[in-house]
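Please read through the fold of this chain with the coordinates at hand. The walk goes from the overall layout to single residues and back.

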Amino acid sequence: MKQLYRFFRLPSGDRQLLIKTFILLSLIRLGLWLLPFQRLRQFLDLIRQGNRQASQIQPTDPDKIITAVNISSRYMPGGEKCLARALTTQTLMFWHGYSPQLHLGVTKGEQGEFEAHAWVEHQGQVVIGYLADLSRFTPLYYPFWKGVRL
């Protein structure tokens with residue numbers, strides 16, 4: 001109940017951003033589960049193209065976008081998923097006139113298991129998906145990924 005009270009005390013623009021973020025994060029999580037990655041990318045491209053002009057009228061501070069993604073992630077069933085968070089952050093930042101870069105990396109864990117991680121950088125800084133040992137992940141540079149704008 002305390003969170004709901006705090007939500008309604010937020011300024012209208014922050015509430016709208018939080019709602020938009022939660023809906024987008026939900027759609028991306030569902031898309032990652034149901035669609036081939038290429039289809040999801042096409043879907044996100046359509047969303048980005050349709051909303052970029054409208055959102056550039058009302059620029060939003062990147063920190064507010066990151067906060068909205070972090071808050072929305074906490075209330076997402078199934079826990080936080082780095083790829084969904086990264087795609088959501090990238091899409092929202094793109095809508096608001098920024099040029100974030102999505103990175104996917106892979107590594108072997110201590111027991112030899114495959115691990116993957118997604119993060120977003122903006123102006124050379126990791127804005128979402130930061131890990132203290134991020135350098136252990138080898139970025140993916142496969143032909144299907146290279147040059148793809150998500």
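Predicted model: local features only at pLDDT ≥ 70, side-chain atom pairs only at ≥ 80, totals over all residues.

The secondary structure of the chain comprises five helices and four strands. Read from the N terminus, the elements follow the order α-α-α-α-α-β-β-β-β. Of the 150 residues in the chain, 37% are buried. The accessible surface amounts to about 9600 Å², and carbon and sulfur atoms hold 57% of that area. Among contacts in the chain with a separation of 6 or more, 64% are between residues 24 or more positions apart.

Helix α2 covers residues 12-34. With 23 residues at 1.5 Å a residue, α2 should span 33 Å, and the distance between its end C-alpha atoms is 33 Å, so the two values agree. Which residues of α2 are buried? They are L17, L18, T21, L24, L25, I28, R29 and G31.

The C-alpha atom of I19 is separated by 8.6 Å from that of A68, although the two residues are 49 residues apart along the chain.

Helix α4 spans residues 62-74 and contains S73. Is S73 buried or exposed? At 2% relative accessibility, S73 counts as buried, because the cut-off for that class is 20%. A polar atom of the S73 side chain lies 2.7 Å from the backbone oxygen of V69. Apart from neighbours within four places in sequence, S73 is in contact with L25, E80 and R85.

Helix α5 runs over residues 82-95. It has 14 residues and reaches 20 Å from its first C-alpha to its last, close to the 20 Å expected at 1.5 Å a residue. How many residues of α5 are buried? The count is 12 of 14, and the helix is mostly covered. Just after α5, G97 takes a positive phi of about 90°. As for the sheet, α5 lies across β1, β2 and β3, and it runs at about 15° to β2.

The sheet itself is open and has four strands, in the order β3-β2-β1-β4, with antiparallel pairing.

The pairings can be taken one at a time. Strands β1 and β2 run antiparallel and are joined by eight bridges. They form a hairpin with five residues between the strands, in which G112 takes a positive phi near 85°. Strands β2 and β3, also antiparallel, are joined by three bridges. In this pairing, V120 has I128 in β3 as its bridge partner. The hairpin of β2 and β3 has two residues between the strands, and Q123 in the turn has a positive phi of about 55°.

Strand β1, residues 101-108, is joined to β4 by two bridges, and these strands run antiparallel.

P139 is found in strand β4. With a relative accessible area of 29%, P139 is partly exposed, because that value lies between the cut-offs of 20% and 50%. Leaving aside neighbours within four places in sequence, P139 is in contact with L104 and G105. P139 and A118 are 21 residues apart in sequence, and their C-alpha atoms are 9.3 Å apart in space.

Terms used. Residues numbered from 1 in each chain as written. Heavy atoms only, no water. Expected span 1.5 Å × (residues − 1). Buried < 20%, exposed > 50% of the residue type's maximum accessible area, 1.4 Å probe, protein only. Pairing = 2+ DSSP bridges. Contact = heavy atoms within 4.5 Å. Axes fitted to C-alpha atoms, helices over the stretch in contact; angles between N-to-C directions. Polar contact = N/O pair within 3.5 Å; in protein donor to acceptor, adjacent residues only side chain to side chain. Areas by Shrake-Rupley, 256 points an atom, 1.4 Å probe, with all protein chains shown as cover.
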